[in-house]
Amino acid sequence: MNVNSTSAGNGGEGTPARESGRPRVRPVTPRASIDSALPDAGDEIAPEKRARVWPLALATLVVVGLLAASLFIGVYDITDGDLGAEMMWITRVPRTVALMLAGAAMAASGLVMQMLTQNRFVDATTSGTTEWASLGLLLTAIVAPSVGLVGRMVVSSLFAFIGAMAFMLILRRIVIRSTLVVPLIGIMLGAVISALTTFLAVQFNLLQMVGTWFMGSFTSVVRGRYEVLWIVAIVTLLVFLLADRITVAGLGREVATSVGMRYETILIAGTALVAVAAGVTTVVVGFLPFLGLVVPNVVATLRGDNVRSNLPWVCLGGIALVTVCDIIGRTIRMPFEIPVSMVLGMVGAVVFITILMRGRSRA
Amino acid sequence: MTLRTSRKPRLLGLAAIAASAALVLSACSSSPAEDAEAKPEAGSTVSITDNYGTVDVPVNPKTVVALDNHVFETLTEWDVKLAAAPKGIMGSVWPGYTDNEDVVDIGSHREPNLEAIVAAQPDLIIAGYRFGDSYEDIKKQNPDSVVIDIAPREGEDLMTELKRGNTILGQIFDHEDEAEATNEKLDDAIAGAKKAYNGTDTVMAVNTSGGKIGYLAPGVGRSVGPVFGALGLVPALEVEGASSDHQGDDISVEAIAASNPEWIIALDRDASFAPEEREEGSAPAAELIAGSEALKNVPAVTKGNIIYLDANFYLTEDIHAYTELFEQIQAAFAAA
C-alpha cells in the first residue's frame, strides 16, 4: 500500500516535471506526501532527549585516551634523548591531529550527506564524491603538475562538488528512491568516474602513483605535510553552525520550505562542505572508506536523527574509529604499517552489512 | 534465366577456388626456396634453454618482437631492429625504438595489443617479465614464431639470471663475445663494490612514490633487494615476511630513524615518468629522505650517504643498469 502510493505519486510527478523542464516548482503537494511516506523519513526521528552531560563527557574521555595512545604508539623511542622528544612533535602530534581532523570531518560530512539525501547509506564514498575528488587530483597532476598543494586541493574539492551535485541531481530525477537504490546509484556513478581516472592514469603512466596516492594512510603525515588539513576543521565547525538547518532540510524540501527555510541554499552549502572535506582529505590522506557511513549510522541508531545533538557524537565516533584503525594498522606489522584505509575498509564493510541486515529485518 | 543466374556464381566460385589453389600452391613452392636461400646466411638455429625449456631459435632472426624490458638496452647496443615493442612501458630510455615509427607499439602490459604481434609475423618473440601473464596467449596466437622467455626467474639469484639472459641473447644475435664482456663487467662491478664496502655499515633500501616511502626488503625487495645479497650488505632493518611487490612495505620516517641506517639506497619510482614536470605531492626521494626532519640525525643523512638510483632504473632493471648501480655504490662507498 505504502509502496504503491509512493511509486505512483512519483511517477505522476516525474512526467510533467520533465515536460515542463522545470522540475522544482511544480509538484509541491505530491512531494510532501511522498516524503512522509518514505519509510526512513518518519520513524527514525526521535524526539530530542534531554541527555545528561556525563555520557558525552565519558565518550570524550575515551577518545582523549585513544588520542593519547596514538601519541605514544610508534616505532621510535620517544624517551630516547633530544631527538626522541622532538620526534613527538615531528611525527606523533601531527599524525594524531590529522587523525582527529580527518575523522571528525569525514564522519560529520557523512552525516550531512545522509540528511540531505534522506538516505542512511550515503556518504562521500558511496555517492561517488571521493572518486570525483581523485579525478580532479589526477587531472592536476596531468594538466598542471606544478600547481602545488593548495591548487590541487581547490581543484579536487571543485570536482568533488561537481560530483556531489551531479549525484543530487540524478537523485531528483530517479523515480524509485528506495533505501538501497540511492547508494547503488552513487556507487555506480563512482565506478564510472574511477574507471575514467584509471583510464587516464594508464594513459599517462601514472597508475602506480595514483594507487599509492589514494590509499588512505597516515604514514606520511609529518610536520609540514599535513597542516592544510586544518581546513577541514573549519568545515566541521560550519557543519555545527548549520546543524539545525540541516536537520530541517533532512525532513524534505516541502517541510523545509514551509518553515521558511531556503532549502536550495542549505542543500548547496551542505554539499559544498562535504566536497571540501572530501577533496582536502583525499589530497592529504587518501580514501577513508565507510567512515562517513558507519559512524553517523551507529549514532543515529542509538540516538535518533537530530543533527545538532548528534554531531558531537558523530565527530567523536569518527575520531575514535579512525584512530583505532590507525593504531591497529601501525601495530600489527610493526615496524611496517598497514594503510588505515585497509583496516577501515574491513571494519566498515562488516558494520555496513550489519546495518543492511538490520534495516532489512526491520522493514 | 533462373538456371543461368544460378550457374554463373557456381562457375565464378569454381574459378575462385582454382585461382586461390594456384595461389596457395605458388606460395608453398616459393617459401621453401626463400628459406633455403636465407638460412645459410643466417647460420641456421641455436638451441637455448629458456624459462620454459629448450627452444630452437634462428640465429639473427629477421623479424624480432621484444616485450621484456631487460633486453632493450642490449639490443640497442647490437643494433637489432625490432618490429614491435611495448612503447607504453619503455619511458624515454630507448628513443631508437620508441621514436621509430616502424616499430609497432604493443602498448603496456596492462592493456597489451597482442594482435600487433601477430600482424608483425615475427620470427622471434622475446616475451616474459611484465608480459609474463600473456605468455600462453602469445604462444597460441603466433604458432609460426619462436617465443622465448628469458626474464630473471623468481627465487633464483638475480645476478646469475641476468647473465644467463644476456648470454642467451648473445647466442641468438651472434654477439657472444660482447655478451661475455658485459657479464664480466657486472662481475667486476660487484667485486669492486664488495671491496669498497667496509662490511659493517648498515644499509636500508627504500622506494618513494606519491610522497610515501616504501621499505624494500633485502633479497626479495624490488630492484634494490638483490643488491644486499650480491654485496653482503648488513641490513639496517630486517623483518620476516616483508613484501616483494613493487610498492614495498609502508614504512614511517620514525621506523627508518629508529633503525638508524649508515646508508640509504633509494629508488624514486615516480622519477622515470615525466621527470621534468614532476608532481609536487610525489616529492622526489631527495626531499622525502634528506629533507625529512625525522631523519636529520640518521648517519645516512648527516654524512650524505644516500645513493639514489638512476631515474630510469625502474624501467630498465637490466644487466647494464645493475652494473652501473654497483659502480655507483662502489664510488659512494669508496668516497665515504
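A:Val150 sits in helix H7 (residues 148-173) of chain A; helices are DSSP runs of H or I with at least four residues, strands are runs of E with at least two, and both are numbered from the N terminus. This is a predicted model, in which local features need pLDDT of at least 70, side-chain atom pairs count only at pLDDT 80 or more, and totals for chains, interfaces and linings use all residues. Residues are numbered from 1 along each chain as its sequence is written, chains are lettered from A and ligands numbered from 1 in the order in which they are written, and side-chain values use heavy atoms, with hydrogens and water left out.

**Exercise 1.** Work out whether A:Val150 is buried or exposed.

*Solution.* Start with the cut-offs: buried means under 20% relative accessible area, exposed over 50%, and partly exposed in between (1.4 Å probe, protein chains only). A:Val150 has 53% relative accessibility, so this residue counts as exposed.

**Exercise 2.** Find which side chains of strand S1 of chain B are buried.

*Solution.* First, locate S1 at residues 45-50 of chain B. Next, recall that side chains in a regular strand alternate between the two faces of the sheet.

**Exercise 3.** Describe how S1(B) and S2(B) pair.

*Solution.* Two strands pair if DSSP finds at least two bridges between them. S1(B) and S2(B) (residues 53-58) are antiparallel, over 6 bridges. One of the partners in S2(B) is B:Gly53, bridged to B:Asp50. Finally, the two strands form a hairpin with 2 residues between them.
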